[in-house]
Amino acid sequence: MSMKISNQNPKSQSVLITGANRGLGFGFLTHYLTQGDTVIATGRNDETLVFDRLKKDFPNQLYIENLELTNEQSIIDFAQKIKENEIKFDLIINNAGVSIEENFGNWTSATFEANFKVNTIGPALLIQSICPYLNQNSKLVQLSSGLGAIALNINPEGPYDAYAVSKTGLNILTKRIATKLYAQKIIVVAINPGWVQTDMGGAEATSTIDEAIKNMTSTISLLSLKDSGTFMSDTGELLPW
């Protein structure tokens with residue numbers, strides 16, 4: 001598919017959202033399209049049908065690409081497409097994530113690996129691949145979790161150990177990449193969306209998708225280089241590592 005960007009609004013941002021087919025990813029996607037931005041939305045092959053309606057509504061703003069974060073070649077191929085289409089991003093939201101639950105006593109390598117592949121390794125390799133295609137002053141946002149904060153140690157009795165460890169990994173990745181990209185004036189942060197009513201968060205969660213997206217997009221819009229390398233809440237409050 002050609003991704004020749006035809007939306008010429010000078011105020012328009014170029015935005016990349018991973019895992020944009022549902023939940024918070026779809027919320028981010030709808031927000032930035034409605035705001036007039038050009039968005040490249042990624043999902044796995046079997047997940048991209050959900051974008052069809054939005055594609056009809058925003059034909060010159062929405063570009064849909066297959067990206068499998070657990071497949072290194074898929075990431076390399078995606079980056080090559082970005083290069084060929086001469087796209088430069090203003091905002092990247094590493095939103096795609098999984099939470100595979102397993103209680104202590106039943107831990108398996110497979111569960112730890114599955115969480116790590118999507119939540120930690122995938123974002124690391126994606127950032128590495130598309131780093132050359134970031135504009136100066138662009139923003140790189142990692143969707144993290146309060147469960148990744150060592151200081152908070154949220155719900156240690158629950159079945160979220162592998163998920164928590166993978167998000168802690170994402171947090172240190174954020175800190176290290178922020179330092180690597182500081183000279184290029186690229187802002188890198190980790191954001192905890194809070195407990196949100198998604199497939200992952202469940203119906204009992206205290207925040208709706210709309211509320212979380214409104215808070216996070218407002219926080220993202222206000223980010224500056226002094227915020228780079230921080231871990232924050234959806235409303236921009238600094239969180240402990």
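Visitor: With which residues is Ser 14 in contact, leaving aside its neighbours within four places in sequence?

Guide: Contact means heavy atoms within 4.5 Å. Once neighbours within four places in sequence are set aside, Ser 14 is in contact with Thr 38, Lys 88, Phe 89, Asp 90 and Leu 91. Please note that this is a predicted model, in which local features need pLDDT of at least 70, side-chain atom pairs count only at pLDDT 80 or more, and totals for chains, interfaces and linings use all residues. Residues are numbered from 1 along each chain as its sequence is written, and side-chain values use heavy atoms, with hydrogens and water left out.

Visitor: In which element is Ser 14 placed, and is Ser 14 buried or exposed?

Guide: Helices (H or I, at least four residues) and strands (E, at least two) are DSSP runs, numbered from the N terminus. Ser 14 belongs to strand β1, residues 14-17. Buried means under 20% relative accessible area, exposed over 50%, and partly exposed in between, with a 1.4 Å probe and protein chains only. Ser 14 has a relative accessible area of 16% and is therefore buried.

Visitor: Why does Asn 115 count as buried?

Guide: Asn 115 counts as buried because its relative accessibility is 0%. This residue lies in helix α4, residues 109-130. Beyond its neighbours within four places in sequence, the contacts of Asn 115 include Val 98, Ser 99, Ile 100 and Tyr 163. In the protein, buried residues make up 51% of the 241 residues.

Visitor: How many helices and strands are there in the protein?

Guide: The protein has six helices and seven strands. Read from the N terminus, the elements run β-α-β-α-β-α-β-α-β-α-β-α-β.

Visitor: What describes two packed helices?

Guide: Two packed helices are described by the angle between their axes and by the distance between the axes. Here, helix α1 (residues 23-34) packs with helix α6 (residues 209-221) at an angle of about 60°, and their axes are 10 Å apart. Angles under 35 degrees count as roughly parallel, over 145 as roughly antiparallel, 65 to 115 as roughly perpendicular and the rest as oblique. Helices α1 and α6 are therefore oblique to each other.

Visitor: Which residues of α1 and α6 meet?

Guide: In α1, Gly 23, Leu 24, Gly 27, Phe 28, His 31 and Tyr 32 meet Ile 209, Ala 212, Ile 213, Met 216, Thr 217 and Ile 220 of α6.

Definitions and conventions. Axes fitted to C-alpha atoms, helices over the stretch in contact; angles between N-to-C directions.
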